[in-house]
Amino acid sequence: MALSLYVDTARWRAHQKSVIDQFPGIVPVCKGNGYGFGHERLAEETTRFGSDMLAVGTIYEAANIKDWFGGDLLVLTPFRRGEEPVPLPDRVIRSVSSVDGVYALVGARVVIECMSSMKRHGVKEEELGQLHAAIEDVRLEGFALHLPLDRTDGSDAVEEVISWMDRLRAARLPLHTMFVSHLKADELARLQQQFPQTRFRARIGTKLWLGDHDATEYRGAVLDVTPVVKGDRFGYRQQRAASDGWLVVVAGGTSHGVGLEAPKALHSMTSRAKGVARAGLATVNRNLSPFVWAGKQRWFAEPPHMQVSILFVPSEAEEPKVGDELVAILRHTTTQYDRIVDR
């Protein structure tokens, strides 16, 4: 009995191909928990569709994935002096976001990150003149721009990239390759047409692996079902049942990522109102679980345990049976499954 990730493999791979076809020279990204699939699985998929490069989040991920992927590995986290040394093969390319970092990586293969409107990290325009001497002692693989997802100010992503291309060209820096993130296919095509001598390579993770939501589904197996009547005490905290129904023990707890949620940016009044409503219910121990039974998301009977969750299913619903599987609406990047099932 497990929390399982079911994958419609043919559909998932068809979606991968559609993205690859839209973004020539794509650099697949495999970081964190491997977008819910795991590093080994995504390394295998990247090898299968023939990419020469795979982007990872950290040097530790590179050290792990190097045994599963034989091409170049691009580390997205920028190098910093004083970081822990990790033995890595020559096919690992380091991102660098400072002139000092370039100087510190003598002989290494590097991609230099430019400061975009994300304002997260990157070399600034006024520092470009210092790069001439710095890049003499490294193997420059290109420059990179990590762009924001939303542009609430109405600015244009392509224009931001063009602006940086102009700055780099004015500084007489080599523009053979530019790595970009969060561009649409038509935006990438516009750039490639305007700068035919530069190879634009899109670093893509979410859209590639998770773009077809119907290709994957999490399900938690029912381990036990116990009937309760209104007023019965149950659980670690011995709360009382609010009405008649069943306590349903389902595979999937905090160690799987169930009940753990990343903060969300709330833009509309509707989404903010829903957030306030959820917070109000939580104050009286009413928390909606990600598990669906009989067409409805069911409430946690109490906070999820380490490996299981206890749900309350009211008596007017159909009684779940041991061995049934409940669909679970979970975020791939924060979920650890027990098993993966290809269909």
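User: Why does Asp342 count as partly exposed in this model?

Analyst: The model is a predicted one. Asp342 has a relative accessibility of 42%. Buried needs under 20% and exposed needs over 50%, so Asp342, at 42%, counts as partly exposed.

User: What makes Arg41 and Asp342 a salt bridge?

Analyst: The closest N and O atoms of Arg41 and Asp342 are 2.8 Å apart. The limit is 4 Å between a side-chain nitrogen of Lys or Arg and a carboxyl oxygen of Asp or Glu, so this pair qualifies. Arg41 belongs to helix 2 (residues 39-48) and Asp342 to strand 18 (residues 339-342), so the bridge ties together parts that are 301 residues apart in sequence.

User: Is Arg41 buried or exposed, and how do you know?

Analyst: Its relative accessible area is 13%. The cut-off for buried is under 20%, so Arg41 is buried.

User: Which residues are linked with Arg41 and Asp342 in a network of salt bridges?

Analyst: Arg13, Glu45 and Arg48 are linked with Arg41 and Asp342 in that network. The structure as a whole holds 22 salt bridges.

User: Why is the contact between Arg94 and Glu83 called a salt bridge?

Analyst: Here the closest N and O atoms are 2.8 Å apart, and the definition asks for within 4 Å, so the contact is a salt bridge. Arg94 sits in strand 5 (residues 92-96) and Glu83 in the loop between strand 4 (72-75) and strand 5, 11 residues apart. Arg94 has 10% relative accessibility, so Arg94 is buried, whereas Glu83 has a relative accessible area of 26% and is partly exposed.

User: How do you know that Arg167 and Glu125 form a salt bridge?

Analyst: The closest N and O atoms of this pair are 3.7 Å apart. That is within 4 Å, so the pair counts. Arg167 lies in helix 6 (residues 157-170) and Glu125 in the loop between strand 6 (109-113) and helix 5 (131-134), 42 residues apart. Arg167, at 26%, is partly exposed, and Glu125, at 45%, counts as partly exposed.

User: What makes both faces of strand 3 covered?

Analyst: Strand 3 spans residues 53-56, with Met53 and Ala55 on one side and Leu54 and Val56 on the other, all buried.

User: How do you know that strand 3 pairs with strand 4?

Analyst: Four bridges join the two strands, which run parallel. Pairing needs at least two bridges, so strand 3 and strand 4 are paired. Leu54 stands opposite Leu73 in strand 4. With helix 3 (residues 59-65), the two strands make a right-handed β-α-β unit.

Terms used: Residues are numbered from 1 along each chain as its sequence is written. This is a predicted model: local features need pLDDT of at least 70, side-chain atom pairs count only at pLDDT 80 or more; totals for chains, interfaces and linings use all residues. Side-chain values use heavy atoms; hydrogens and water are left out. Buried means under 20% relative accessible area, exposed over 50%, partly exposed in between (1.4 Å probe, protein chains only). A crossover is right-handed if, with the strands pointing away from the viewer, the path from the first strand over the helix to the second runs clockwise.
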